[in-house]
Amino acid sequence: MQLPDIVDALWADRPPGHAVNMVHRHVGELRRLLEPGLPLRAEGGLLLRGGGGYRLTVPPDSVDLLVFRQLVGRARGFGDSAGAVDLFIEALSLRGGDGDGDGDGAGASASASASAHPLFVELEREYDSVVREAAELALGCGRADRVLPVLSASAARGPLDEGIQALLMRALDATGHPDRALAVFRATAARLADELGVDPGPELIAARPPVTDRPTPSAVSSPASPTSPTPPPLTTPPVPPAQLPSALPAFVGRHVELERLRGLLEGLDGPSPPSAPVICTISGTAGVGKTALAVHLAHKVADRFPDGQLYVDLRGFAAGVSPTPPQNAVRGFLDALGVPAARVPESLDAQAALYRSLLAGRRMLVVLDNARDAAQVRPLLPGAAGCLVLVTSRNRLSGLASADGARPLTLGLVTSDDARTALAARIGADRVAAEPEAVTEIVALTARLPLALAVVAARAVVHPSFPLSALADQLRSAHRALDGFHDAGADTATDVRAVFSWSYDALGAEAARLFRLLALHPGPDLTVHTAAALAGLAVGRTRPLLAELADAHLLTERAPGRYVFHDLLHAYATELVHADETDDERRGAVRRLLDHCLHTAHAAALLYDPPTAVITPVAPEPEEASQGSVQAQALGDDAAACAWFRSERPLLLGVFEHAVEHGLDGHVWQLAWCLERYHERLGHWHEYLALQRAALPAARRLGDPVALGHAHRGLGRACVMLRHYAEAEDQLRCAQGVFEEAGDGHGLAQVQLSLWLLLTRQDRFKEGLDELAPALGIYRASGHRRGQAYVLVATAWGEACLGDCRNALVHAHQALALFQELGARLPEGYTWDTLGHVHTRLGEHLRSVTCHQRALALFRESGDLFNVACVLDRLGDAHLAAGDRAAALSTWRAAQEAMQDFDPVWAAEVRRKIDA
């Protein structure tokens, strides 16, 4: 074995400076192990040096690999199946440990490097092939118990190998362990969905033992998109979604309604289950407790729906906020069901069809809260039996009853007795019993609405020494102050506003101001950071104010650190913010929120995937800047940045719309710039394009060449992703001209990288390299090492495409060293992908497989869904070229699944390879 190969096997591409000396030292230790008593520095007669490496000279029967092959050969020629199984097991038992146990970090690293070496990869494939052969023979002759240990070990090493997992399931089932076989199926299906984004294949499904406790979900496919040649397979969530909000700790009453709702469920498990999902609409006036009833029931029956619970607030009646569009709600459900963003179709009809397909054959509980009308609800309804859907609305939604078979339930006010019981549950039965007259008045003044009762109870809990009669007096005074605000027919609304005003008046001044300003927040929920930005306060000062609002039941902490308004309270806060805050104060609050979002998004963009040309975000207003009232949220690393983009995307799109509508052009183009890489990597390409189309006119109005250059480049890049190549080239040439005229070298180099991508995608490799050449000089002159690495890896790709693979290897390894020194994990993935591409061109297919696998791991680690899809396609090509068609087909299927909604044209090309 050549010395460079030993170094490569031990340390891959990161050998220490004294690697050769270390190899010599290890060889000396091995010689003394092989030949005890051998003098120090003596060569001995077994491990010999020569020809630039080392050679082991031992009898064949002392080499486990050779003995293994001999035993396998004997097993294949043995006449008796049972005897052949014994020989196979004897051969397979020769495998030693995998070297990944409790060794030190260096040893573990060396073991990992060696295991990725093409030689060991091939030996692993040989061993697993014999495991499969032995298992099939053992299953055929009733000796499945003999192969269970080696099958289990192989399955642990290859958790995504469906063939090995299927054999393990069959062996477990054959030896009387169908429950363990089913557990293997579920675990493998979850891993396939989580890591590859695919459903189990036919081999795994066929091996699954029958399930007797409930129907087995069938393998389903999504409807084909207009450009799809065939429907792609769908994913299964690794963990069943559990989206229900927390149940109320003091839910009381509603016995009649609960019995009626439970009655609807009895048919699901009866002898004649319904052929359609069970749908119930719960309607009633605002604050009457519709959501509380639906969530309470949902928690009580959740165990009857083992495939999970979905929940969405449709915001049908929230003041100052548009109802949640059905496509947004469906997208949220698809995300919860394990569908990557890039796999979500563009049209609402296609999204709804995909959602129904995923729910087919499953027992799922769906809560659609605060619906505006039937049109908002219908795309969210499952299509098959086995699901329960609870819909709450102020409207009766009679269309759902007539057209969709929904069972209506109208919720009235709670009884006086139930109102008393609810109050006692919150503040204590003794306190209620001590002042029955005051309790009667409180119940009357709150109109027996659960929301209003909860607000009053919160006040009573905060002041345990206050007599209830004093609280009733205060509440009565608040009622008189609001007399005449509503028509005579609106008594209930007046009562609720009186309760709100009474509770609001008890707040401290800062908490009351925050309550008003939160009405200006455009997102579905808010955090302490966005609340602090609106109020112009430090996060540490804002957190107790949010707690004060939550304690007063004027705000709800629906998930840890994320707060929501009840829509009635949002409407009340909206009234107050317009009545009590001046236009300048409202504008200032929204501007602070915009600045906070922009500066945090800018920081997140630099962490997630730093571009090579960085902008300076719009500064806050001078007064706010001097007071330090606008602070970006601190994000620790690229994973935190990605998580922040994911959770705050609805807010970012909302503030972007506000910036467009109010002519804040600087915020418009810069927010679009900040979201570029996230949208590109996660496949939100149509939103990417829409934001860039809005950014370009904003940049033109500013007359700023930096803004204009980035807006043209961003729009061009979005067009590249969507294959709008003519428009992409027009926009990128415009950006090139703007940056050249402005003398902005980094901006120009970034455009040249985008032009290279455009031209390479059109197989114009020579033109792409010509465009790219000046960029390397720009980055070298400025000392921009990350930019240099990007140009080098792009150059390597183009050179390989033109047949200059030797130079391509040099440039790719230069890029790899730079990215590794910078700790840039995501672009390191691009480089390994490029090295795989170069090795494919050189005919070194096992090396290509290894390189692409490393790229795949890095892309998955970074959440780069688009490049995961790309590298899966190329990995499949490498597997085929290496002679492993089964691995190629499995990988291509994963690629086609992942690529389908990124790029249907590319997905069709992958499909043709699968069908060939």
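Two strands count as paired if DSSP finds at least two bridges between them. Strand β3, residues 278-283, meets that mark with β7: four bridges join the two, in the parallel sense. One place to look is Ser283, which stands opposite Thr410 in β7. The model you are looking at is predicted.

Now step back to the whole protein. It has 42 helices and nine strands. Of its 916 residues, 53% are buried. Take the contacts between residues at least 6 apart in sequence: 67% of them join residues at least 24 apart.

Return to the strands. Strands of a sheet pair through backbone hydrogen bonds, either parallel or antiparallel. Here, five strands form an open sheet with parallel pairing. Read across, the order is β4-β5-β6-β3-β7. Which strands lie at the edges? They are β4 (309-313) and β7 (407-410), and each pairs on one side only. From one strand to the next, the twist averages 15°.

Helices pack on this sheet. Helix α12, residues 290-301, touches β3, β4, β5, β6 and β7. Its direction makes about 165° with that of β6. Helix α13 covers residues 326-336 and touches β4 and β5. The direction of α13 makes about 150° with that of β4.

Follow the sheet from the β4 side. Strands β4 and β5 run parallel and share five bridges. Asp313 stands opposite Asp369 in β5. Next comes the pairing of β5 with β6, again parallel and again over five bridges. There, Val366 has Val389 in β6 as its bridge partner.

Gly523 sits between helices α23 (509-517) and α24 (528-535). Is Gly523 buried or exposed? Its relative accessibility is 10%. Buried means under 20%, so Gly523 counts as buried. Leaving aside neighbours within four places in sequence, Gly523 is in contact with Arg315 and Leu651. Gly523 and Pro650 are 127 residues apart in sequence, yet their C-alpha atoms are 6.0 Å apart in space.

Asp873 gives another case. This residue belongs to helix α40, which spans residues 865-881. Asp873 counts as buried because its relative accessibility is 7%. What does Asp873 touch, not counting residues up to four places away in sequence? The list is Trp892, Ala895, Trp906, Val910 and Lys913.

Last, look for empty space inside. Rolling a probe the size of a water molecule over the atoms shows where such space is left. The structure holds two cavities of 30 Å³ or more.

Definitions and conventions. Residues numbered from 1 in each chain as written. Predicted model: local features only at pLDDT ≥ 70, side-chain atom pairs only at ≥ 80, totals over all residues. Heavy atoms only, no water. Axes fitted to C-alpha atoms, helices over the stretch in contact; angles between N-to-C directions. Contact = heavy atoms within 4.5 Å. 1 Å grid on protein atoms, 1.4 Å probe; cavity = no way out; pocket = protein on both sides within 12 Å on 5 of 7 lines; lining within 4 Å. Points joined across faces, edges and corners; volume = space filled by probe spheres on them. Buried < 20%, exposed > 50% of the residue type's maximum accessible area, 1.4 Å probe, protein only.
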